[in-house]
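Please keep the sequence and the structure in view while reading.

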Amino acid sequence: MLKMTGFKLYFALFSLFFALTLAPLTAAAYNLQNDSLISSSSNNDLTDLSGSPNLQRAGSGADNPRIFVHVNGNNRSLHVTSRTQSWHGVDILRNPLQSGNTPQLVVGSTIQVNGWAPSGTVMELGGVNNEASSWPQLTTATANANGQFSLNLTVTQAQISNNPDGFRIRTATNATVAFHIDQIYVRRPEGGTPSPAPTPAPGPTPAPPAGGNAINMIHNWNNVTLQQTGQGTSGRIVNSGGMTDVTFNLATGNINALWTTAQAGNLHNNLHGLGWRQGSPNRSIGYNVGVLEHTSGHQGMTIAAYYGWTRSPLVEWYVIDNWLNHRSTPGNLLGTFTSDGGTYEVWRHDRVGHHINGYGAFTQLKSVRTQVAPLGTNRTITFRNHVDAWAGFGLNLLNADWYYQVFLIEGWESDGRGNATVWAQ
């Protein structure tokens, strides 16, 4: 168990860390920092959380974990001690998180838990039914080298149908370590769809690139089907409890996408973008990603990228500027180069799967930015730099038969949301 002096030090460090790195979350049904019923004396007495109707210790009998509650103004931190069984934790109770007859935990609600545990500790978050001891739709996170972890869960129809008593935060297998919870947020969806991405800053009108300047294609790929739909289109796809909700606007170049497929066990690939039916190796783009979130823990991947195909040779290509959970780099690393203020790795993967002509062999080529581009800023992708770099690594597409190219938000076997605005430079 950590000593009190160590706990105070950890609390000070992590209060500073989260104050600097976490933006305020809105529409909260519950927020640990605002739970006025959690209280403690200045010497951090042990508590069973009986003062809060929203939380309880996870476990039964004399081997319950003990919990220190540190209160400093509106800052509240839970220090959860070890127990003798194989795990220990805290439950967020479901029933108190209602507002009269209005349920707060509806499909699309999100639960976020930020805290600290010894490096390498696997933490878990999931709906729990105490009577059946069931764990529907579990998500995990591993504490990094600095001990920080962040658990994120989007409530699905499967979880609501299982009617959990609450949502449990616990260690996965090792109950001999203590951990801290610095923030717990439970939020209702904000209108059910992501908010618009920031509007691009005004500037000089660029010369139209070859092939035309106006965006003229909507790309909506769900698993194996490419849909090219019309102006202002919105689409909602429900598959085995999963959901994809996306809107496009050709006039403004805006994409809004929300999907929940991984938590429902429906591991689909969702690619949603805007761009041009006729690609070009010389078409550079500007873009602004306003929101990009990956809410399925270590399951799947979420990216924002410039994307398209050539017919001959048959190549699926990416320029990936933003990625969450992992970097999507299968195949062989060909080398690196720099463009638009970033360093990119070039990866080639010769594979068999679904492609623009059906199913079979094709080449996948990716430029992956080693450090993600910041959100909420206007960015540029000088595409010819990538085409020239690929040629230098042995795959010359300059005179290829170019098909479409789009800027997209992609969720691969994941839950997440994102929005972006794209325009031609």
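A residue is called buried when its relative accessible area is under 20%, exposed when it is over 50%, and partly exposed in between, using a 1.4 Å probe and protein chains only. The model is predicted, so that local features need pLDDT of at least 70 and side-chain atom pairs count only at pLDDT 80 or more, whereas totals for chains, interfaces and linings use all residues. Residues are numbered from 1 along each chain as its sequence is written, and side-chain values use heavy atoms, with hydrogens and water left out.

The protein chain holds three helices and 29 strands; these are DSSP runs numbered from the N terminus, helices being H or I with at least four residues and strands E with at least two. Of its 425 residues, 51% count as buried. With contact meaning heavy atoms within 4.5 Å, residues 24 or more positions apart supply 71% of the contacts that have a separation of 6 or more.

Helix α3 spans residues 383-392, and F383, H386, V387, A389 and W390 are buried in it. Viewed down the axis of α3, these buried residues fall within an arc of 165°, so they line one face of the helix; the arc is that of the directions from the helix axis to the C-beta atoms. An α-helix has 3.6 residues a turn, so residues three or four places apart point the same way. Just after α3, G394 adopts a positive phi of about 105°.

Aromatic rings come next. Rings of Phe, Tyr and Trp (its six-membered ring) pair if their centres lie within 6.5 Å; planes under 30 degrees apart are stacked, over 60 edge-to-face, and the rest tilted. For W309 and F362, the centres are 5.4 Å apart and the planes stand at 50°, so the pair is tilted. It links distant parts of the chain, as W309 belongs to strand β22 (residues 301-312) and F362 to strand β26 (residues 358-369), 53 residues apart. Both W309 and F362 are buried.

F383 and W402 form an edge-to-face pair, 5.7 Å centre to centre with 80° between the planes. This pair joins helix α3 to strand β28 (residues 401-412), its members being 19 residues apart. F383 counts as buried because its relative accessibility is 0%, and W402 is buried at 4%.
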